[in-house]
Amino acid sequence: MRRRCALAVLVAGLSWALNGCADSSSLLSGHSTLWRVEGEHNAVYLLGSIHVLPPSAYPFKSSLQRAFKASARIAFEVDLSASTSHDVTREFKRSGWYPSGDTLSRHVSPDTELLLKRVLPALGTSWERVQRLRPWFLAELVSSRYLQSAGFRDDLGVDEYFYRKAQAEGKPVQGLETLRDQAQILTGFTDRDSEEYLRSTLTELPASLAMLQVLVLAWQNGQIGLLDRLLNQNERADPTAFRMMFSDRNAKWLPILEGFTHAEKNVMVIVGAGHLVGEEGLVQALRRHGYKVRQL
């Protein structure tokens with residue numbers, strides 16, 4: 001659960017992706033979902049991550065490996081070395097579980113309850129077992145379980161791969177936010193927002209596998225416009241979720257990225273690709289602040 005808060009948005013835009021990109025050759029390019037920001041005396045590499053990947057997504061492009069090799073420090077959304085599984089459980093129980101005496105059944109409609117009773121057994125759980133979970137948190141768990149069943153694994157995600165590589169090579173790592181920050185991302189939802197988030201996640205599950213296959217191909221080939229549509233268009237239709245997942249966090253991260261441009265050595269920053277692409281993304285924000293940013 002450490003970095004899955006953006007996963008539910010990945011099921012959006014499937015129809016557009018398949019119809020608009022029927023010619024897969026149009027996706028092929030020499031680019032990566034990787035940018036170089038020119039600092040005062042260094043370079044800052046921005047790598048867009050997909051947090052879950054299938055084995056077929058490997059090996060990564062050489063441009064990613066070169067950027068990692070050239071960097072003295074690696075920054076992730078969260079410092080993966082600073083939390084244990086116990087910490088993760090504690091933080092998400094704090095924000096994603098109802099207090100003792102309260103239950104999910106009190107916060108969702110009969111229609112949503114019926115939908116859950118149909119879907120949950122196929123994912124290896126039941127209505128009774130999820131009663132302590134808030135709707136938005138249950139949506140994240142359902143999405144995660146579904147993707148795992150389709151062969152998309154978080155241990156193969158871009159951030160996990162480079163975290164392990166940094167540990168093996170002794171490169172220092174840091175986080176742009178804390179585990180508690182991530183656990184609280186969606187706590188601003190009202191009951192109505194949270195239930196709608198859950199319902200949209202459940203109803204869009206059947207389309208998610210085909211959509212993710214398109215997403216991975218777009219990520220591999222640096223198709224920025226397509227990534228923006230796939231990752232962000234659903235959130236723009238839901239301003240509250242988009243603000244909590246992307247806008248607010250990007251605004252907090254931007255000064256940190258600018259600070260990296262004053263370092264003596266290169267820094268590599270790895271965050272969800274949705275944070276980098278589009279007009280609201282960090283790449284465009286840095287350009288608006290006068291930085292020279294080039295896609296690799």
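Does histidine 51 count as buried or exposed, and at what relative accessibility? The views below come from a predicted model, in which local features need pLDDT of at least 70 and side-chain atom pairs count only at pLDDT 80 or more, while totals for chains, interfaces and linings use all residues. Residues are numbered from 1 along each chain as its sequence is written, and side-chain values use heavy atoms, with hydrogens and water left out.

**View 1. Histidine 51 and its side-chain partners.** Histidine 51 has 10% relative accessibility and therefore counts as buried (under 20% relative accessible area, with exposed over 50% and partly exposed in between, for a 1.4 Å probe and protein chains only). Its side chain makes a polar contact of 2.8 Å with the side chain of aspartate 159, and another of 3.4 Å with that of serine 49 (a pair of N or O atoms within 3.5 Å, of which one must be able to donate a hydrogen and the other to accept it within protein; residues adjacent in sequence count only if both atoms are side-chain atoms).

**View 2. The packing of H5 with H8.** Helix H5 (residues 135–149) and helix H8 (residues 191–220) pack at an angle of about 15°, with their axes 8 Å apart (axes are lines fitted to C-alpha atoms over the stretch in contact, and angles run from 0 to 180 degrees between N-to-C directions; helices are DSSP runs of H or I with at least four residues, numbered from the N terminus). The two helices are therefore roughly parallel to each other (angles under 35 degrees; over 145 is roughly antiparallel, 65 to 115 roughly perpendicular and the rest oblique).

**View 3. The packing of H4 with H8.** Helix H4 (residues 110–119) packs against H8 at about 40°, with the axes 11 Å apart, and the two are therefore oblique to each other.
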